[in-house]
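Try each one before you read its solution.

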Amino acid sequence: MTSTITLTEALAAGTVVLDGGMSNQLESAGHDLSDELWSARLLAERPEAITQAHLAYFEAGADVAITSSYQATFEGFAKRGIGSERAAELLALSVELAREAVRQAQAGGVTRPLWVAASVGPYGAMLADGSEYRGRYGLSVDELESFHRPRLEVLAGARPDVLALETVPDADEARALLRAVRGLGVPAWLSYSVAGDRTRAGQPLEEAFALAADADEVIAVGVNCCAPEDVEGAVETAARVTGKPVVVYPNSGEAWNAEARAWDGRSSFAAEQVRGWRESGARLIGGCCRVGPEAIGSIARTLAETR
């Protein structure tokens, strides 16, 4: 654990600030993330860069660092010739690098509680073809559970404060993930990627959120990697359906072009939006792709002004 107060206790007491996009922070530091492993490649090649990215967010005002394990899977590493033993080491390292950023932030004078969330991306992230924005992979719930469970076990063994089951496009994959986290002894949040009032795979959000309502392991439920405009309605639905704290961390508003591996469009993200999200039930608030430390700092200040 990285704090004397648990994240669950912090959510009961108020609002917690999440970090922003890992990839854009690494790219802004000059790192090439153009291959299929994305930011996970730097776990093996430039781990210190990942720590520095986490530290930038802590210094900006984030309370939670989400690890660089989103695209880190045994299967994805195997494609690069990395065996299962080394892959497990790299998964665990993602948690340790975030913890090191906590230590450096505290040594630098940050006194507020800080936490580490181990990122668990969807099956589609491993495919690196934009499937995480579609879902419907043609796999059964059992097959998806078998895919997710091994790395969840490794990440849980590294003792993060929470498992971030994030950017989930499909209620079937959520079912698999909820089964896979049982018995691991680490709390989790479940966060869908959405379009309007539906998952990316097209299921109504009421049905998707309801899957987590009775899951004791899940301490928050919500949305991420979506347009800012889709957040408020999703927050209201998640809070009403589950009665749990809501997690939200949208993109800047730009759209990912999987074929070109680039972002298109303009940002529509504004820190002032977080006031409405919190009023609707959001308790974990941050940003995802293309949302950097400056924006996270603005979110932190905005929330502090209205507490």
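Below are the ground rules, then the exercises with their solutions.

The model is predicted, so to speak of local features pLDDT must be at least 70, side-chain atom pairs count only at pLDDT 80 or more, and totals for chains, interfaces and linings use all residues. Residues are numbered from 1 along each chain as its sequence is written, and side-chain values use heavy atoms, with hydrogens and water left out.

**Exercise 1.** Work out whether M126 is buried or exposed, and which residues M126 touches.

Step 1: the relative accessible area of M126 is 9%, so M126 is buried (buried is under 20%, exposed over 50%, partly exposed in between, with a 1.4 Å probe and protein chains only).
Step 2: leaving out residues up to four places away in sequence, M126 touches T73, E75, G76, K79 and F147 (contact means heavy atoms within 4.5 Å).

**Exercise 2.** Find which side chain makes a polar contact with E132.

Step 1: go to the loop between α7 and α8 (141-157), where E132 sits.

**Exercise 3.** Say how exposed R136 and R159 are.

Step 1: R136 has a phi near 55°, positive though the residue isn't glycine, and R159 has a positive phi of about 60°.
Step 2: R136 is partly exposed because its relative accessible area is 48%.
Step 3: R159, at 42%, is partly exposed too.

Methods
Helices (H or I, at least four residues) and strands (E, at least two) are DSSP runs, numbered from the N terminus. A polar contact is a pair of N or O atoms within 3.5 Å; within protein, one must be able to donate a hydrogen and the other to accept it, and residues adjacent in sequence count only if both atoms are side-chain atoms.
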